[in-house]
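Subject: Structure handover

Hello,

Please read the conventions along with the findings.

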Amino acid sequence: MCDGGGGHHLDVRRMSRLEGLKADSSQFTLEGEPFRILGGSVHYFRVPRAYWEDRLLKMKACGLNTLTTYVPWNLHEPERGTFNFQDQLDLKAYVSLAAQLGLWVILRPGPYICAEWDLGGLPSWLLQDEEMQLRTTYPGFVNAVNLYFDKLISVIKPLMFEGGGPIIAVQVENEYGSFAKDDKYMPFIKNCLQSRGIKELLMTSDNWEGLRCGGVEGALKTVNLQRLSFGAIQHLADIQPQKPLMVMEYWSGWFDVWGEHHHVFHAEDMLAVVSEILDRGVSINLYMFHGGTSFGFMNGAMDFGTYKSQVTSYDYDAPLSEAGDCTPKYHHLRNLFSQYHSEPLPGVPSSPERKAYGPALIQQHLSLWDVLQFSDKPHRSDRPVNMENLPVNNNNGQSYGYTLYETTITGGGALNSRNNIRDRALVFVNRECVGCLDYKTHEVAIPDGKGERTLSFVVENCGRVNYGKALDEQRKGIVGDIVLNNTPLRGFSISCLDMKPSFIKRLTNSGQWKTDFKSHCVPGFFQARLCVDGPPKDTFVSLRSWGKGVIFVNGQNLGRYWFIGPQHFLYLPAPWLRSGENEIIVFEEQRVHDKLLFAENPDYGKAIDVYKLPFCTLL
């Protein structure tokens, strides 16, 4: 039984260090001593900053010694050359906190991260170049990566083990063996790290199939898996003899997509596999230890022939729930990991209190058409323009949210999208809804009428694909011709509705809200107020009686909801509430209720056991 890391004392203030993490034999060493990585993934960008410490203390109390996290390029560089490493995105503060709590860190900076995150963490402005080849040595991609890594590595380099920090290893890209379009690409990313002064151990991670094409010389290969039946660990040992074995992603659960069941992975099944991995002397990282939430519009999507967007919750059926509760899985794992420590584990912190607040009544509304005055001036174009190429956001295009396309028609007939809607559009004639276009429905009947009428498309980017070969085809909005009676529509007015905080603030302060609920309410914005007595507590907003949309609380975008489920409850963390009055704005596309309800606990919908599914059906 090797040391679980209890004998290694972290102190970010002590600058004198022996050698860092080494992979020179069949066992890792750290500071010259045998070391087993007992890791867990917690993404700082999916957890309210006020709760970082709570989640990491629970990680430490579970017996883990290493935190792993991805770094999302699209949040850190939302516009070309504009970087954000502040507040919720303060990576330095997060890694430093891990050190203070006695955790080592494995950093996974991408630039591609997958993570069920929009475009796998890549910024959408890369897609403005119609020739763009993501995750290759295409010059436009290489130049963007170089500029980003110049900034990112200046932030993380002082946090490396060599400089007295907690980062003991850095991952080169992510699961490139499953993509493998350019054999010069992985050496390029490795050089991006090393040429900027990263000297710690480098790793790659791939699933069982990706191991064949993955990896890069000079980096330790690791494997991602959920079950051992494929012989993946033995395969890793065969292709990389006399090296430490590590499962970089042990999938503790699975993610959910809209319109399907909630995935669960029972604690007993998971524990049996983790026990066997540890019995074999293999290092492990739980993906996820705590999943958190894909707040805002940041969820990704799958497309292996059928497009499926992922839900807002990233609960993942992980050992720590979306709201930070210790699940039965957590307690089973704690008992198991305690066997790998010579000292008793720290006590488990209590979870933040939750409360089912009383109903918040809808008091006022504004139709979508009324709020256009608060968005940027419409862009006029003869042909439709995809959202990434709109001249907005300092010419970085539109990344997320909705886009309104309007043109004029003089007759009715068959409207056909030619499958050029990305991803879903409500269709209106003179602001009356006549249908919906998406990947399955390509045609809507436009009623006959006299004179000129306005034809409108409210198009939602439901999330860009984050895994697979289709990354270069993730432009959103209307991406080609839409035809009416086989004649392409022309003469568009296009409005960006990305619903950024500045837009929500203008909406809030507009003084134009209406209190009469007549026709033409939807799509529209609906305002309610939640009064909180005393210190705020975590809660869940229940959207069961609503249709499809997004909810904002005090300007924070909690994410999407959709009546098709499986998710009907959105996590509302206490730090985003305040004592007294809280403003809630719901953007609803189709079906309004007269109030918002709150619950202490979520219902993630009808469950299905991932362990009983063939692995291919998960992908």
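Buried here means under 20% relative accessible area, exposed means over 50%, and partly exposed is in between, with a 1.4 Å probe and protein chains only. The model is predicted, so local features need pLDDT of at least 70 and side-chain atom pairs count only at pLDDT 80 or more, while totals for chains, interfaces and linings use all residues. Residues are numbered from 1 along each chain as its sequence is written, and side-chain values use heavy atoms, leaving out hydrogens and water.

Asn420 sits in the loop between strand S17 (413–416) and strand S18 (421–422); helices (H or I, at least four residues) and strands (E, at least two) are DSSP runs numbered from the N terminus. With a relative accessible area of 15%, Asn420 counts as buried. Its contacts (heavy atoms within 4.5 Å), not counting residues up to four places away in sequence, are Gly477, Ile478, Val479, Gly480, Asp481 and Ile482. A polar atom of the Asn420 side chain lies 2.9 Å from the backbone oxygen of Asp481.

Eight strands close into a barrel, ordered S3-S4-S5-S6-S7-S8-S9-S11, with parallel pairing; two strands pair if DSSP finds at least two bridges between them. S5 and S6 run parallel and are joined by three bridges. Val105 stands opposite Ile167 in S6.

In helix H3 (residues 91–100), seven of the 10 residues are buried, including Leu91, Tyr94 and Val95. The buried residues of H3 pack against strand S5 (104–108) and helix H4 (139–156), among others. Gly102, which follows H3, has a positive phi, near 85 degrees.

Regards

Definitions and conventions
A polar contact is a pair of N or O atoms within 3.5 Å; within protein, one must be able to donate a hydrogen and the other to accept it, and residues adjacent in sequence count only if both atoms are side-chain atoms.
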